[in-house]
Amino acid sequence: MTGFARYVARRLALMLFVIWAILTIIFVLFKLLPGDPTAIFVDSNFSVEMIERQRALWGLDDPIPVQYARYLGNMALFDFGESFFQNQTVAAILFEKTRNTALMIVPALVISIVLGALIGAIAGWRRGSLMEKTTVVTALFLHSAPSFFVGILALMVFSYQLGWLPPGGMVSLGGPETLWGIVTSGDYWQHLALPCLVLVSREITGPILLLRGSMLEVKGSDFIDILRAKGLPERQIVTHAARNALLPLVTYIAVMTGLLFQGQVLLEIIFAWPGIGRELVVALNDLDYPVAQAALYVMALVTLALNFLADLVYGVIDPRVTYD
Amino acid sequence: MALLEIENLHVSYRTPHGEAVAVDGVSLALEEGDYLGLVGESGCGKSTIAKAILGILPQAARVAGSLRFAGRELIGLSVIELRRIRWRDIALIPQNAMNGFDPVYTIEKQLDEAIAAHADLPAGARRERIAALFAMVGLSPDRLKDYAHQFSGGMRQRAMIAMALALDPKLIVADEPTTGLDVIIQDQILERMAEIHATAGNAMLLITHDMAVVSENCDRIAVMYAGRIMEIGGTDVFLSPLHPYTMGLCNAFPDAARREGELISIPGTPPSLVDPPSGCRFHTRCPFATARCTDEVPPLIEISRGHFAACHHADRAPEFRDQARDPATWRTATP
Amino acid sequence: MTDTAVRIETSRPRFAKRRPGVVAMLVTALFIAMAAFAPFIAPYGPFDVAYDTDRAVVALSPPGWQNWFGTTNQGMDVFSQFVWGARVALIVGLISALGSVLLGTFVGLVSGYFGGWIDEALMRATDIAFGMPFLPFAMVIISIAEPSLALVILLVIFFLWRTPARVIRAQVLSLKARPFVWAARAAGASDARIIIREILPNVLPLSFLYMAIGVQTGVMLEAALSFLGFGDPNVQSWGIMLNAAFRAGAMRTAWWWVLPPGLALSIFVIAVFMITRAFEDRLNPQLRAI
């Protein structure tokens with residue numbers, strides 16, 4: 001096996017181990033949650049036998065180890081069972097919610113990364129200039145400002161006071177439902193504007209500061225002096241510098257995406273965006289455990305998978321990384 | 001008209017502690033095909049001269065004086081004109097070649113880049129030239145597609161030399177090209193450079209702190225201390241030094257033939273460039289210093305044919321040379 | 001520029017660099033004062049309901065002489081809540097920062113110094129911790145137990161320790177290889193002695209850095225949890241205030257209720273962040289150019 005293949009195998013094994021550990025933790029947590037799932041039937045006219053049958057159906061009476069084994073199997077296959085409340089399989093619900101979260105995050109990510117990297121690289125190259133100083137100060141300020149308050153402010157100003165943009169949700173009621181339909185509707189973009197703005201204002205700071213720092217480091221490298229000594233035009237030198245400065249961004253992107261994915265609970269609540277974060281909050285409030293459990297799992301899984309991907313991609317693009 | 005004429009060059013930097021003068025009125029000349037060695041301790045301003053010649057000093061540097069290449073004044077020259085001269089006429093072999101290459105581009109790409117920037121050769125011709133360059137420095141052409149980190153230190157340095165030779169420049173400035181390499185590799189590199197000098201005839205400016213290296217390879221030697229030239233001449237700079245500092249430097253390098261006798265080093269440390277000593281910069285560490293040395297700056301004057309020294313007491317050099325060989329002399333010097 | 005013995009820097013007067021740090025420290029001091037003297041500053045208790053002359057609840061009234069920041073929908077004085085909220089923020093911030101740094105430093109030290117299976121086990125634990133997104137897990141855990149400030153603090157500690165642990169471990173690893181550690185060992189010092197006398201002092205600056213970061217993050221996380229409705233209902237933290245405002249639909253009109261806690265959070269967090277930045281170049285041994 002080549003060094004790289006071995007490295008991949010090792011990271012994969014580690015990731016699987018962590019997933020298993022987290023799944024176990026989730027299992028334990030949910031077993032500890034108060035509330036008898038069959039309690040929702042208290043109002044209805046279910047007889048005791050029917051309740052018993054329901055429990056058997058849900059496997060709630062089997063010994064814990066059996067439940068655990070079955071649970072692991074299901075989770076691995078993404079078989080999350082049915083929601084206690086909604087008339088759908090949990091998998092179907094989460095798939096849609098995950099898609100919705102992506103619909104909010106992806107545009108913001110793209111803008112933040114592309115724009116942020118560009119601004120950061122320029123700021124780093126032009127160290128000491130006014131542009132660089134203002135960029136850094138603004139970035140630091142935005143970086144530390146709590147985004148959910150910015151979200152609330154944005155809502156208050158742009159939606160409630162000025163009425164320019166809708167106050168929440170992803171699409172208006174009765175709007176398109178398919179991915180393609182949503183993405184091509186102006187309605188979605190209108191709803192996206194505010195949350196995206198808030199997200200970008202926070203997330204863009206990462207690439208800006210990262211690229212600036214990275215570019216500063218690269219700029220001070222000896223090989224840049226040699227490039228100048230070689231009489232190369234400025235544009236070529238900047239390209240050299242940028243190629244080097246971009247390397248840390250790759251890892252950052254994956255980590256960033258992972259963080260975003262599970263951290264958007266706040267913005268999803270503020271903007272009533274039907275994403276996976278909001279779904280978790282709602283499910284916990286409703287005691288809809290299958291959904292909550294699966295949502296938690298999905299969020300952890302996505303984070304881990306993205307980190308793993310980051311490691312891999314970085315290894316591919318930086319020729320200096322060796323695997324031993 | 002000499003190939004390279006440096007006249008009264010001043011380079012200083014603004015620092016939080018004041019103005020640091022790295023090069024203080026240095027004058028040098030290099031003819032075509034010369035092999036000049038510039039020696040001095042770390043921090044004396046040698047690398048600054050190298051960068052000044054290539055015009056790649058940091059922005060914080062202030063330059064004054066004259067630096068003429070083939071009669072053309074380089075200081076104040078527009079960037080566009082400078083770029084034309086760079087690498088094609090003057091090339092640099094930097095200190096620490098490890099960092100001289102861009103880590104994410106292949107070596108071949110970087111050599112190619114150098115050629116393409118100045119010569120109008122088609123890709124095929126460039127490839128041939130690159131292969132030839134590698135052969136010249138003794139590197140195998142199948143390593144061309146590798147990255148810098150895959151080369152050993154010595155190989156990297158040779159690749160750097162190959163790159164410097166790419167356009168057959170009239171002048172090659174080698175800034176401490178062997179620092180950090182082990183002695184055997186050092187030897188190989190220097191031999192290679194001597195070969196190239198002999199066959200291709202480029203003028204070379206070898207900058208180093210190692211007197212032994214310079215004495216073995218260079219036709220002419222210049223000794224620098226605290227931003228100033230102390231002595232300059234042919235090989236008799238080493239054989240019969242006129243300046244006490246040079247004598248100290250010669251002592252610092254062990255002679256395998258003289259196995260008895262302790263290693264003599266110059267006491268004290270190099271002076272601050274922000275607040276240098278008055279008069280002769282070396283007087284604080286010189287065992288032969290007199291009051292005059294503290295007050296008056298000694299000018300660089302021709303003592304014997306082609307051999308210049310900046311010392312008030314150069315006439316007593318033979319006497320000093322004897323004393324310099326005795327370790328006791330250096331112990332009494334009050335730094 | 002390895003040739004010259006002097007460091008070349010772009011000329012920037014030192015005072016200008018210190019100023020944001022000084023401002024930040026003043027602001028933080030203000031918050032601390034507010035928290036400490038809350039009983040003297042706040043005209044009312046955090047849950048006191050204001051009644052007007054007609055004995056009716058003064059609900060949702062804009063800022064005025066009686067209530068400087070107006071009242072909530074239940075007639076509580078926003079200004080008082082704002083002041084009392086500072087206490088909660090500071091308590092949460094300090095305790096969670098301290099706890100997480102202590103835990104993180106301990107793990108980092110032990111893991112880095114002893115290596116071997118201890119290191120493996122602890123690093124796996126941190127890997128797992130890194131894989132658990134904070135808000136989702138915290139929400140679930142709070143749903144199991146009763147929402148309380150103590151629980152929130154505990155949760156924050158358990159999610160914050162992982163970063164200092166990793167970083168400090170890396171630092172310890174590099175310190176372990178340094179000569180002064182060999183020297184101590186050669187002189188026969190015990191492990192504990194080496195850790196405490198030689199390594200810990202070099203790691204402390206990093207720990208302080210993470211303390212500051214911890215205060216910032218702790219306050220933010222508590223606010224986030226409270227805002228989502230998982231906070232301790234018996235306290236009036238800034239997050240709880242925002243949650244109450246949000247639930248009451250007061251965002252549309254009662255700006256006086258929303259702005260104070262929100263701004264307080266923002267300013268406090270930014271101030272602490274600025275302090276971190278001001279000292280980071282001294283505390284962080286890696287001296288990144290940011």
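The stops run from whole chains to single residues and then to a contact between chains.

This is a predicted model, in which local features need pLDDT of at least 70 and side-chain atom pairs count only at pLDDT 80 or more, while totals for chains, interfaces and linings use all residues. Residues are numbered from 1 along each chain as its sequence is written, and chains are lettered from A and ligands numbered from 1 in the order in which they are written.

**Stop 1: chain B as a whole**

Select chain B, whose secondary structure comprises 12 helices and 12 strands. Helices (H or I, at least four residues) and strands (E, at least two) are DSSP runs, numbered from the N terminus. The radius of gyration of chain B is 21 Å, close to the 20 Å that the globule rule gives for 335 residues, so chain B is as compact as a globular protein of that length. That radius is taken over C-alpha atoms, and the rule is 2.2 Å times the number of residues to the power 0.38. Along the principal axes, the C-alpha atoms of chain B fill a box of roughly 65 × 45 × 40 Å.

Of the 335 residues in chain B, 48% are buried. A residue is buried if 20 or more other C-beta atoms lie within 10 Å of its own, exposed if 12 or fewer, and partly exposed in between, with C-beta atoms placed from the backbone.

**Stop 2**

Two strands pair if DSSP finds at least two bridges between them. Strand 1 (residues 4-15) and strand 4 (residues 61-69) of chain B run antiparallel and are joined by 8 bridges. To see one of these bridges, display B:H10 and its partner B:A64 in strand 4.

**Stop 3: strand 8 of chain B**

Is strand 8 (residues 203-208) of chain B enclosed or open? Of its 6 residues, 6 are buried, so strand 8 is largely enclosed by the rest of the structure. Show the side chains: B:A203, B:L205 and B:I207 point one way, whereas B:M204, B:L206 and B:T208 point the other way. In a regular strand the side chains alternate between the two faces of the sheet.

Strand 3 (residues 35-39) of chain B pairs with strand 8 in the parallel sense over 5 bridges, and B:L36 has B:L205 as its bridge partner. Strand 7 of chain B also pairs with strand 8 in the parallel sense over 5 bridges, with B:A174 opposite B:L206.

**Stop 4: two residues with a positive phi**

Most residues other than glycine have a negative phi, and most peptide bonds are trans. Select B:D168, in the loop between helix 5 (153-165) and strand 7 (171-175) of chain B; B:D168 has a positive phi of about 50° although it is not a glycine. With 16 C-beta neighbours inside 10 Å, B:D168 counts as partly exposed.

Then select B:A226, in the loop between strand 9 (220-225) and strand 10 (228-233) of chain B. B:A226 has a positive phi of about 50° and is not a glycine, but with 24 C-beta neighbours inside 10 Å it counts as buried.

**Stop 5: chain A and its contact with chain C**

Select chain A, which has 15 helices and 0 strands; 40% of its 324 residues count as buried. The contact takes 33 residues from chain C and 39 residues from chain A, where two residues are in contact if their C-beta atoms, placed from the backbone, lie within 7 Å. On the side of chain C that touches chain A, the elements that give two or more residues are helix 4 (116-131), helix 5, helix 9 (191-227) and helix 11 (255-283). Helix 11 of chain C gives the most to this side, with 9 residues.

**Stop 6: helices 5 and 7 of chain C**

Select helix 5 (residues 134-144) of chain C, where 9 of the 11 residues are buried, including C:F134, C:L135 and C:F137. Finish at helix 7 (residues 162-176) of chain C, whose buried residues pack against helix 3 (78-114), helix 4 and helix 9 of chain C.

Key:
Expected span 1.5 Å × (residues − 1).
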